[in-house]
Amino acid sequence: MAVKIMIKRRVPADKAGELVPYLKELRVLAMNQDGYIGGETLRRYDDPEQFLVVSTWQSIEDWQNWSGNEERTAIQGKIDDLLGSKTEYEIYQYK
C-alpha cells in the first residue's frame, strides 16, 4: 500500500539558500530508488521558515529502505547540522 511521508523542517531565513541544494540532491537520489513515486517541496505561505516535503512511496518498506540509505543519511546529517535541529517525519497511508 502506498504511503506519503511528511518531512517537516524549520529553516531560518538566512539558511534557506543553503538548504535548497540539499533538497534537490535528495530528490535526484530518491528518483532512482525502488518504490519512489514522487515528491514536492512546499514553503508555508504565512510562515516562510516552515518547509514541508511530501514524498510518496509504493510501500512503507520502500520508504524504510530509502530512509536508511547511506547517501541519504549523510545528506540528512548535513541538513540537520545546518538547521541546528532534527527533521521531523510523519508517515501516512492511504485508506
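1. **Basis.** The model is predicted: local features need pLDDT of at least 70, side-chain atom pairs count only at pLDDT 80 or more, and totals for chains, interfaces and linings use all residues. Residues are numbered from 1 along each chain as its sequence is written, and side-chain values use heavy atoms, with hydrogens and water left out.

2. **Fold.** The protein chain has three helices and four strands. Both are DSSP runs numbered from the N terminus: helices are H or I with at least four residues, strands are E with at least two. Read from the N terminus, the order is β-α-β-β-α-α-β.

3. **Overall dimensions.** The C-alpha atoms fill a box of roughly 40 × 30 × 20 Å along the principal axes.

4. Of the 95 residues, 37% count as buried. Buried means under 20% relative accessible area, exposed means over 50%, and partly exposed lies in between (1.4 Å probe, protein chains only). Contact means heavy atoms within 4.5 Å. Among contacts with a separation of 6 or more, 69% join residues 24 or more positions apart.

5. **Core.** The largest nonpolar core holds 20 residues, and L19, W57, W66 and I79 touch the most other members. Strand 1 (3–10), helix 1 (16–31), strand 3 (50–57), helix 2 (60–67) and helix 3 (70–83) each supply at least two of its residues. Helix 1 gives the largest share, six residues. Such a core is a set of buried Ala, Val, Leu, Ile, Met, Phe, Trp, Tyr and Cys residues joined through side-chain atoms within 4.5 Å. In soluble globular proteins, nonpolar side chains tend to be buried together.

6. **W57.** Leaving out residues up to four places away in sequence, W57 touches A2, V3, I5, A30, Q33, D34, G35, Y36, I37, D62, W63 and W66. W66 is, like W57, among the core residues that touch the most other members.

7. **R9.** This residue deserves a look. R9 sits in strand 1. R9 is buried yet has no salt bridge, and the nearest side chain of opposite charge, D80, is 5.3 Å away. For charge, Lys and Arg count as positive and Asp and Glu as negative; His and the chain ends are not counted. What do the polar contacts of the R9 side chain join it to? One of 2.9 Å reaches the side chain of Q76, and one of 3.2 Å reaches that of T87. A polar contact is a pair of N or O atoms within 3.5 Å; within protein, one must be able to donate a hydrogen and the other to accept it, and residues adjacent in sequence count only if both atoms are side-chain atoms. Beyond four places in sequence, residues touched by R9 include L19, L23, L26, F51, V53, I79 and L83.

8. **Salt bridge K8–E90.** The structure holds four salt bridges. The criterion is a side-chain nitrogen of Lys or Arg within 4 Å of a carboxyl oxygen of Asp or Glu. E90 pairs with K8, the closest N and O atoms being 3.2 Å apart. E90 lies in strand 4 (residues 88–93) and K8 in strand 1, so the pair ties together parts that are 82 residues apart in sequence. E90 is partly exposed at 26% relative accessibility. K8 is partly exposed at 33%.

9. R10 meets D47 in a salt bridge of 2.9 Å, N to O. D47 is in the loop between strand 2 (36–43) and strand 3, 37 residues from R10 in strand 1. R10 also pairs with E49, with the closest N and O atoms 3.5 Å apart. E49 lies in the loop between strand 2 and strand 3, 39 residues from R10. Shared partners join R10, D47 and E49 into one network. R10 is partly exposed at 40% relative accessibility, and E49 is partly exposed at 30%.

10. **D62.** D62 belongs to helix 2. D62 is buried, with a relative accessible area of 15%. Neighbours within four places aside, D62 is in contact with D34, G35 and W57.
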